[in-house]
Amino acid sequence: MGTTAELERYEQRFRRAGLPLFIEDFSPTHDIYTRAAPLLWLVFLAEMLGATSLDWLWWQNLLAAVGGLVALVIGFGLLNGFRGRPFWSLPTRFGIPELAVFVLLPALLPVVTQGQVKQFFGVAGGNLVLLGAVYVVVGYGFIATVVWGMRQLARELANSVASFIRALPLLLVFSLVLFMTADMWQVFAGMPAAFIVFSVIAFTLLSTVFLLIRLPLEVDAIERTAGSGPPLRRIQRFNVSVSLVIRQWMQVLVVSAGVGLFFVAFGMLAISEHIYEQWGVDAGSWSYHLTLLDHPLVLSASLIKVAVGIANFTGLYYSIALLTDSTYRTEFLDTVSAELRDLFTARTEYLELRQVSQSVNGPIAK
């Protein structure tokens, strides 16, 4: 019992660090979809509404929804019997049969009640996307990493603010040149808000791709420095990389937000209505006129767009500089390296403890 409790403590530590794939025998059926079972059951039962139609009367839809619910329950009950479980039991493991029923059975309801073949593919495709999202979010410890990050928010925020202050002079040289040009204002001020959001998403994806390409090399270097235990499997290295990407997102978010707020404040002070007219820039869909020490200030939609655009460029630059510039790289990776060395050491102890447990008690049941 003591060994089992110790193994559970190690596994809990890996989950809290956002590295669930450090757990041996980590499987989708037991460790991923079983943990997401409440969400899957909620979605599965809600899809009884697929049997209803907007063209029907309320009582017809009520009967159809009840019939759909009965069909879903009976379908899963029959699967339980096929799998050797009691009819009304909830599965403790989600294998291929359970996942297939989750995807296909609700999708059949609109086909049976309305002959909607297209809706069958829509519901089935949506369920597949949900299963894929659950696999990525739970399997790679996204939630655990975010929760871990929230627990250490004060320290991470302090580190990020310190990084921002150290990076500010260089970032301002890079950004001020862009901010004080009429062309930049004309481009971003005339851009629809949806395009601004799209550019933020595109730059985030671009920096993430760069990080995912570069970080495995850093993980290998840290692992060699730690020098303990068997080498990580490829999927475990990827798990570490995803965890590091989320951590770096936190720093980049703080720096980008700081730059954006700086340029909003600076723009209110420096860019007057007269300059708007000279540059041929419209204030946008809204604007507010304020006064500070008898100096007129203008806060406009165009200013927000330009500040977000500059912050977006700055965030991309900073995310790349964290792994290419020697100063930023050392600062970011020093803390990470120390934590990962501790986790690699814990993994070695965990694997040794598993071997002892298996030699004494036989294979560990999941």
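This is a predicted model: local features need pLDDT of at least 70, side-chain atom pairs count only at pLDDT 80 or more; totals for chains, interfaces and linings use all residues.
Reader: How many helices and strands does the protein have?
Author: The protein has 14 helices and 2 strands. These are DSSP runs numbered from the N terminus, with helices (H or I) of at least four residues and strands (E) of at least two.

Reader: And what share of the residues is buried?
Author: Of the 366 residues, 42% are buried. Buried means under 20% relative accessible area, with a 1.4 Å probe and protein chains only.

Reader: Which residues have the most contacts inside the largest nonpolar core?
Author: They are Phe14, Phe22, Tyr33, Val240 and Leu340, in a core of 50 residues. Such a core is a set of buried Ala, Val, Leu, Ile, Met, Phe, Trp, Tyr and Cys residues joined through side-chain atoms within 4.5 Å; a contact likewise means heavy atoms within 4.5 Å.

Reader: Which helix gives the most to this core?
Author: H14 does, with 8 residues. A second, separate core of 27 residues includes Ala189, Val255, Leu299 and Ala307.

Reader: Changing topic, why is H13 described as largely enclosed?
Author: Because 18 of its 24 residues are buried, H13 is largely enclosed by the rest of the structure.

Note on methods
Residues are numbered from 1 along each chain as its sequence is written. Side-chain values use heavy atoms; hydrogens and water are left out.
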